[in-house]
Amino acid sequence: MLLAETSRAQAVPPATSTGQAVVVLGRTEFPINEYFTISFTLRGAPLDRYSAFPDIEGFKKSGKLNTTTTRTVGGQSSIELTITQRYAAYQEGEFELPPFTITVNGNPIRSPGATLEVGPQQTATTPPATGTNPNNQPLQGIGLLDELFGKPKPDAYVEPKDHAFLALVADKSSVYVGEGVHVSMYFYLTPADQGLLDFYNFAGQLPGIMQQLQQRTAWEEHFEDQEITPETITVGGKSYLRYRLYETELYPLTAEALRFPIISLQMVKYKVAKDPTADPTDRLEGYKTYFTEPLIIAVKPLPPHPLRDQVAVGRYQLREAIDRTTFQVGQTFTYTFSVEGEGNLATLSAPTLRPQPGVELYGPDIQQDLTRQSGRVGGRKRFTYRLVPRQPGPLLLDSLLTLVYFNLATARYDTLRPQLVVSVQDAPQKAAFRPRPDDPFYTEALQAADNTLQPLDAYRDVRRYANIVLVLLLGLAGFGWWRGGRQGAA
């Protein structure tokens, strides 16, 4: 890496008790296999404190370098301290370094930023002759960064001992077939280890970790990926920061034990300078791999039962709902059989139906709401039925619908039965037409109506008279036809 031209340095501020400081940007056009650098140089005072170097989008900070130079002019010596932050580009292209400010010993130093051009990787080439450059321009004060500051010497750094560890934890050591077990992977470290450790490409390591944690004999309910944030806990009387890296809920499908191999996680671990007086933040980046202990969870078969291979396993309770309060023959009503609690609701089958005479049943319509929180998986599953009673009397819902399950709270089989009681009333008879006596129309019609009793065979006499009239009309028609024919012949 080459240092920037002296023309890119900031103007030197007036001397103060906190010293003079200037920011220098590295070369803005460089290949991807070289670092971009931001440096500040302090003269005239020891370094007390300074703010963080800026983050650059598309770059990763890759360690700091510091160097101390003693200058003697006119018999007077002065010390210059330079702190350099190195940046490694992720890919080729053009990147923008916005204006930024670094505060050194309480004094802000501003930089206007720059446009960074990252080119393809270059191999080593023969440098131009001393005193010349390819453009035949006067040579600027440029030199290799490592030649100027010196490469980091590993023997100048020491690796402190950390108290971090990686653990795969299950909330139960043994479960029944179908019972859920919560498995989590945590990374623990003490507060003092925070400055020594950092995550390294965790997104790239996670797929391999998940593959090793998968169990072919278990149903898995995966938790949503969340931001990895620390929580403070106490282990063995000692305070730790715990990071939850992965969690899942497993439901064994067979009595075969769940076996988890040793899982590894690579972390960034920094070595610190043996003599940190010049720069307490000076450190050298390295790597360390942490391993979990193997984990085995025993799985117990369910007790004998005719429905052992079909029943759900969990902690459930029944919630009922009905859409009306009165019931009549032929009138449809809706009944909801809702199961709530912890367990694998996906494998929870509909209640067993026992048909009864005098009732028609349709359904069910099924709805399921899952909840995943606090290391538990559960929710609610609703079975909605439509019923049409065909005869009056009590309707025994508890004998119509039942759900057998294995109750983990008692380690026994249990049955969920409806508790609501439905009493079906007979449908009312259709009422005869009854006019209102105070209606004026019917009042007048009733007053004018003939109240003389009519014989029961009145309609039979009317039919007889109508037949006689019809015969007479036919006779007259025949006579007219005959008479018309004779006149025409004459």
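This report describes an annotated helical segment, the aromatic pairs and the charges placed over rings in a predicted model.

## Basis of the description

Because the model is predicted, local features need pLDDT of at least 70 and side-chain atom pairs count only at pLDDT 80 or more, whereas totals for chains, interfaces and linings use all residues. Residues are numbered from 1 along each chain as its sequence is written, and side-chain values use heavy atoms, with hydrogens and water left out.

## The annotated segment

An unreviewed UniProt entry places the feature "transmembrane region" at residues 465-482; such annotations may be inferred rather than shown by experiment. In the model, residues 465-482 are 100% helix and 0% strand, with the end C-alpha atoms 26 Å apart.

Leu-472 belongs to helix H5 (residues 458-489), where helices are DSSP runs of H or I with at least four residues, strands are runs of E with at least two, and both are numbered from the N terminus. With a relative accessible area of 56%, Leu-472 is exposed (exposed means over 50%, buried under 20% and partly exposed in between, with a 1.4 Å probe and protein chains only).

## Aromatic pairs

The whole structure holds 21 aromatic pairs, defined by ring centres of Phe, Tyr or Trp (its six-membered ring) within 6.5 Å, with planes under 30 degrees apart counted as stacked, over 60 as edge-to-face and the rest as tilted. Phe-59 and Phe-95 form an edge-to-face pair, with centres 5.2 Å apart and planes at 75°. This pair links strand S4 (residues 59-73), which holds Phe-59, to strand S6 (residues 93-97), which holds Phe-95, across 36 residues. Phe-59 is buried at 7% relative accessibility, and Phe-95 is buried at 13%.

Phe-165 and Tyr-240 are also edge-to-face, at 5.6 Å centre to centre and 75° between the planes, and their pair ties strand S11 (residues 165-170) to strand S17 (residues 238-252), parts 75 residues apart in sequence. Phe-165 is partly exposed at 29%, while Tyr-240 is buried at 9%. Ring pairs also link Phe-30, Phe-36, Phe-59, Tyr-87 and Phe-95 into a cluster.

## Charges over rings

Arg-242 lies over the face of Tyr-186, at 4.0 Å from the ring centre, and Lys-300 lies over the face of Tyr-176, at 4.2 Å; the criterion is NZ of Lys or CZ of Arg within 6 Å of the ring centre and within 35 degrees of the ring normal.
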